[in-house]
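This briefing walks through a protein structure topic by topic. Look at the structure below, then read the points that follow.

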Amino acid sequence: MVTNDTNLNFRNWLLDQPEGKTLLRCYQCGRCTSACPVADIEPAFNPRLFLQKIILSDELIAEEQLVWNCLTCEQCEVRCPEHVKIPHILILAKVRGLMKGNVPPAALDRARNILSIGRSLEVSAPMLKTREKMGLPDLGTPPMEKIVEMLADIGIVGNLEKVESVYGGSKDE
Amino acid sequence: MAKNAVVIGAGLAGIQISQQLTDLGVTVHLIEKEAIIGGLSTYLGRVFPTGDCALCLDASNEMYDGHHRKCEYRGLVTEKKNLKLYTQAEVKSITEAEGGFKVSIKLEPRHVKLDRCVVCLECIDVCDVEVPDEYAVRGGTRKAIYRPIPQGVPHAPLIDMEHCTKCGKCADVCKVNAIDFEEKKSSKTINADAVIIATGVEEKIPLEFPGYEYRTSDDIISHAELARLIDPAGDTKGVVTTSTGDNVSKVTMILCVGSRDKTAFEYCSQACCTYSLKHAEMLRDLGIDVTICYMDIRVPNASVHYLANSIEKGVKFLRGKPDKVVVRNGKPVTIVEDTQSQKLMQIESDLVVLASPLAPWGPNSDPVSEFLGEYGFARRVVKEGKVYACGTATGPADIPTSIAEANAVALRVYSDLMEVSK
Amino acid sequence: MSKARTYTYFPGCMIPYRLPHFELSMREVLKKLEVELETSSDHSCCPEPTTFTGVDFEAWVTIAARNVAVSEATGNETVAMCSGCFHTLAVANHMVHEDPELKERINKRLKKSGLEVSGEHAVKNLLHVLHNDIGIEAIAKQVTNPLKQLKIAPHYGCHLVRPLEATNMDSAENPQWMDEIIKATGAEVAEFEDKMACCGAPIMPGDEQKALTITSKHLKHIKASGADAIVVLCPTCYTQMETQQGKVEAIAETEFNIPVLSLGELLALSMGLTEIVTDNQRRYHRVKITELLVKAGVGGA
């Protein structure tokens, strides 16, 4: 048996996400795999096979480290005869695997920054000074309380507090 | 009163429907833009397995129960009094008039009189001008006075005035005075009760289609070009060669290059799986290795033997749609995932043959495009009692299907014209 | 008599706070082309599309749509200098346009802030502005120092161009607008294999070795074309190919020594705004551009 998910929960969840429905257009031709620059250097990275697993609702794909090897370059999507939104579908698989810890530590760092200071990276005082010296305008700080409040029903802030990457501690960039 | 029909396009379906309607007593005006009839089949030359043109083979088997084959080409022009063939003719306008149509056509001059030429071909021998042959794949040439293919009908040559030097040698040697350098363009208006669109399809190489690099290499070819290479009457005399003149030992065929594709042509081109298998088998008979990269193999019941024979003769099948063909050290290399083993392959070969989409020719003609629908194809009955279509003008199809369709539409046209059901 | 155009500039994070020379040079170029930029302190991180999407897609598209809504409220069209930001805003805008349920969900979340997203906003990148709005003729008019000796490789990058239905660029496989702008500066466009190849940056967090291998392939193709420099719009592509060029050389076991410029810097060099580039070269260009400047006819600094 390919999957224990006999109710197709994973697949149905994915099909329900924005633009998830393109998954079912796939007829497994394999052009994505021969177009993919990562597949070119890594035999285990096979977009067609990932899609097959998702079509068959194999939820283990959400815990697969390789999904984070997708460049999101969309070369597969551009060449796909059915215009399946392949990188997007892999993104949804990543989302599904977040709470199991299938997420690079750097991605968690960035996400936490975005939801605390509203930037993907730390804004240092020397950098602000450099901007001033260059005559570039002050860009202010975004209204973080309002942004976090707006995301309440999604629960992301709470999730980020709980989740731990299975790939180790956070890395500095 | 005798009814008149105009059939636009003398490809296989156009010829077949003209044949049927004239047999039923309808006067048919058959309009063909090329100098010879046959459409796409003129590229095919010898057709497996008997070496005849496809119409003789498939239509005859169905129609004549295996006895006394009737050549549709030759029978047509010489025997039928109520069939008027116009070659090098294009439709300028189709206007409704007096319960029927006025179809206005313009004709390019052949410069060789059809009612005088006895096809001795001495004119071609003496001509000094040599130009690239449109039917050649490896640089073959033809004369300024020429026949496009040896078995073309009408049999008489034509003169390509763009390259003719008017030296007069052909006229001098012609014993029946068939050559007329001064022949002018002409027009004609035909009164017709019905119009039948049989404008067919062209094998459209998707030049802008990414990945397959048709433009980059002369070793990446279409099936029409492959057919010319295999044809003993072609410019390579049936030897399949690369662009550098070397013998070919390995061929990779790619199916669905631009068909079934939202980026190019959304529909399935129906006939290419079959003729790819036919060509694969012919190549195997020449001792050439063949690998077919496919997503699916779609072969109608009548052609299942092509698949069985291919498998038996050792054609290799790889299930996977290649993303690209790249040229390395002068050789085309096909990059494809073998989906059954999950391995990414790089397959080098001497030639790559692309099964390209069959795109309708109809939209190229303004008067005809009035009657076309989705994707540029026409419905079989466009306007009851008035406008019809048959052959690949209604959608891509293989030859047996087109012929059967032509027969069916012929009967419909006839019964409408004769108001049989009224 | 041309009127100054005004756009709302979406700054993002990487350009203003890591590579401000991108912003500086482009602002000066746009000033010459009579374009004004306004900013809003309500804008946050776009959010960055390569990893945040995989953390929580719904949160990503909501924050992105919020940024679009902030822009909509300014009344101007939006221009994002960073390809990642552009991609994020364009995709969110397009998704809101196509998916009424998503639009409803997002606007419900935005309601409290008094913001609303319509799905009709004009989200642009610098190529839309330079090539389409300003036009090649107007750009060429400002070129006082044609870069005739330079051969430039345009690196569009994936997120600037794809997906085409959201980005409204000219082609997903062979875009031409940056090529034409480069030609307008007088430079020659280098033709190299696999024009739209990815720089590799998005999988640096996922697998650094693979990322750098992919970058090295791309740099090899560009080097083989004989290009004097690469021009980019994206700060992430810049970081990968320029700042990390040493790491790429280690993996490739070969020297590249190919300078990378932002499009603003290239235009600045051609428009007599040399100091903007030379003042900042030591700080932001690890791969020395001194030879390039000589070839560009503006001498070394």
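Of the 301 residues of chain C, 59% count as buried; a residue is buried if 20 or more other C-beta atoms lie within 10 Å of its own, exposed if 12 or fewer, and partly exposed in between, with C-beta atoms placed from the backbone. This is a predicted model, in which local features need pLDDT of at least 70 and side-chain atom pairs count only at pLDDT 80 or more, while totals for chains, interfaces and linings use all residues. Residues are numbered from 1 along each chain as its sequence is written, and chains are lettered from A and ligands numbered from 1 in the order in which they are written.

**Chain C as a whole**

- Chain C has 17 helices and eight strands; helices (H or I, at least four residues) and strands (E, at least two) are DSSP runs, numbered from the N terminus.
- The radius of gyration of chain C is 19 Å, close to the 19 Å that the globule rule gives for 301 residues, so chain C is as compact as a globular protein of that length. The radius is taken over C-alpha atoms, and the rule is 2.2 Å times the number of residues to the power 0.38.
- Along the principal axes, the C-alpha atoms of chain C fill a box of roughly 55 × 55 × 30 Å.
- Among contacts in chain C with a separation of 6 or more, 79% are between residues 24 or more positions apart. Two residues are in contact if their C-beta atoms, placed from the backbone, lie within 7 Å.

**Nonpolar cores**

- The largest nonpolar core has 149 residues, and Leu89(C) and Ile152(C) have the most contacts inside it. Such a core is a set of buried Ala, Val, Leu, Ile, Met, Phe, Trp, Tyr and Cys residues joined through C-beta atoms within 7 Å.
- Helix H4 (residues 57–74) of chain C gives the largest share of this core, 10 residues.
- Not counting residues up to four places away in sequence, Ile152(C) touches several residues, including Ile182(C), Val189(C), Asp228(C) and Leu266(C).
- Another core lies apart from the largest one and has 64 residues, among them Leu30(B) and Cys127(B).

**A helix pair in chain C**

- The axes of helix H15 (residues 263–270) and helix H16 (residues 274–284) of chain C come within 7 Å and cross at roughly 125 degrees. Axes are lines fitted to C-alpha atoms, for helices over the stretch in contact, and angles run from 0 to 180 degrees between N-to-C directions.
- Glu265(C), Ala268(C) and Leu269(C) of H15(C) meet Thr274(C), Ile276(C) and Val277(C) of H16(C).

**Backbone details**

- The peptide bond from Cys46(C) to Pro47(C) is cis, with omega near 10 degrees, and Pro47(C) is found in the loop between strand S2 (35–38) and helix H3 (52–55) of chain C.
- The bond from Arg162(C) to Pro163(C) is also cis, with omega near 0 degrees.
- His111(B) is not a glycine, yet has a positive phi of about 70 degrees. His111(B) counts as buried because it has 20 C-beta neighbours inside 10 Å.
- Glu253(C), not a glycine either, has a positive phi of about 55 degrees. With 7 C-beta neighbours inside 10 Å, Glu253(C) counts as exposed.

**Chains A and B**

- The contact takes 17 residues from chain B and 17 residues from chain A.
- Strand S18 (residues 331–338) of chain B supplies three residues, the largest share of the chain B side.
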